[in-house]
Each structure stands twice: as structure tokens, then as C-alpha cells.
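Please look at the structure first, then read the points below.

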Amino acid sequence: MKPRYPQNMTFTEWRRTPLRTRHRLLGLMVNDYLRHWHTCADARCRRARSCQDYQCYWRRLQKMPFEEGQRLREAVKPLAKLLWIGCTMGAEGRQRY
Ligand SMILES: [Zn+2]
């Protein structure tokens, strides 16, 4: 299957997007992919039917039991990989999906 990039970007567009932006966009995509807004603690996300903040992912992860969190990380791995396309550094110190 061809990977899809956030905001319907092409591979080239995605590769040229700064890592910081990609990190944020990917977070939003992961939240949507998981339909996270259904159970998001933030009422704004539930109202908008989409998570408004990419940090929601980690907020949710923090509240989960460890095993469940591991399963979640496993599930988003294919998406998380997209972050590293075309980048060799600059990823240090960023929260992992
Ligand atoms: Zn949210």
C-alpha cells in the first residue's frame, strides 16, 4: 500500500516540509487515524470531531496502562515511520509516536 501523507501531500512535498511541521502534522493525523477525538479529554476536540492539538496523543498515552500504550504505539508505527523520510538528524529530543 502506498503511504499517505498528511494533508494529501505528495512524497516530494512531504520530504521538503521541515521536521518540526511534519512532527505536528503527523500527530494530528495519528489522532484522526485513531479517531482519538471520540474519547479525548479536551471538549474542543470532541466538538470539532477532530483533535485540535497534536499533543493529545501523548496525553492519552500517559493515562493508559503500559500494555495498552505499547499496543497503541505498535498500531501507529507505520505512520510514525513517515516522520523519518529524508531526514538524518534533528530528530533527537522529540517525543516519539
Ligand atoms: Zn484531542
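Predicted model: local features only at pLDDT ≥ 70, side-chain atom pairs only at ≥ 80, totals over all residues.

Residues are numbered from 1 along each chain as its sequence is written. The protein has five helices and zero strands; helices (H or I, at least four residues) and strands (E, at least two) are DSSP runs, numbered from the N terminus.

**Overall fold**

- Along the sequence the pattern reads α-α-α-α-α.
- Of the 97 residues, 13% count as buried. A residue is buried if 20 or more other C-beta atoms lie within 10 Å of its own, exposed if 12 or fewer, and partly exposed in between, with C-beta atoms placed from the backbone.
- Among contacts with a separation of 6 or more, 44% join residues 24 or more positions apart. Two residues are in contact if their C-beta atoms, placed from the backbone, lie within 7 Å.

**The nonpolar core**

- The largest nonpolar core has eight residues: Leu26, Met29, Val30, Cys40, Cys51, Cys56, Tyr57 and Tyr97. A nonpolar core is a set of buried Ala, Val, Leu, Ile, Met, Phe, Trp, Tyr and Cys residues joined through C-beta atoms within 7 Å.
- Helix 2 (19-33) and helix 4 (56-63) are the elements that give two or more residues to this core, and helix 2 gives the most, with three.
- In soluble globular proteins, nonpolar side chains tend to be buried together.
- Leaving out residues up to four places away in sequence, Tyr97 touches Leu26, Val30, Tyr57, Val76, Leu79 and Ala80.

**Helix 2**

- Helix 2 has 15 residues and reaches 20 Å from its first C-alpha to its last, close to the 21 Å expected at 1.5 Å a residue. The expected span is 1.5 Å times one less than the number of residues.
- Its buried residues are Arg22, Leu26, Gly27, Met29, Val30 and Asn31.
- What covers these buried residues includes helix 4 and helix 5 (66-80).

**Helix 5 and Ala80**

- Which number of the 15 residues of helix 5 is buried? The number is zero, so helix 5 lies largely in the open.
- Helix 5 has a kink of about 30 degrees at Glu74, shortly before Pro78. The bend at a residue is the angle between axes fitted to the seven residues ending there and the seven starting there.
- Ala80 is found in helix 5 and counts as partly exposed because 15 other C-beta atoms lie within 10 Å.
- The C-alpha atoms of Ala80 and Gly27 are separated by 8.8 Å, although the two residues are 53 residues apart along the chain.
- Ala80 touches Arg96 and Tyr97, not counting residues up to four places away in sequence.

**Positive phi angles**

- Arg35 has a positive phi of about 50 degrees although it is not a glycine.
- Is Arg35 buried or exposed? Arg35 is exposed, because 12 other C-beta atoms lie within 10 Å.
- Asn8, a residue other than glycine, has a positive phi near 55 degrees. Asn8 sits in the segment before helix 1 (11-16).
- Asn8 counts as exposed because it has 7 C-beta neighbours inside 10 Å.
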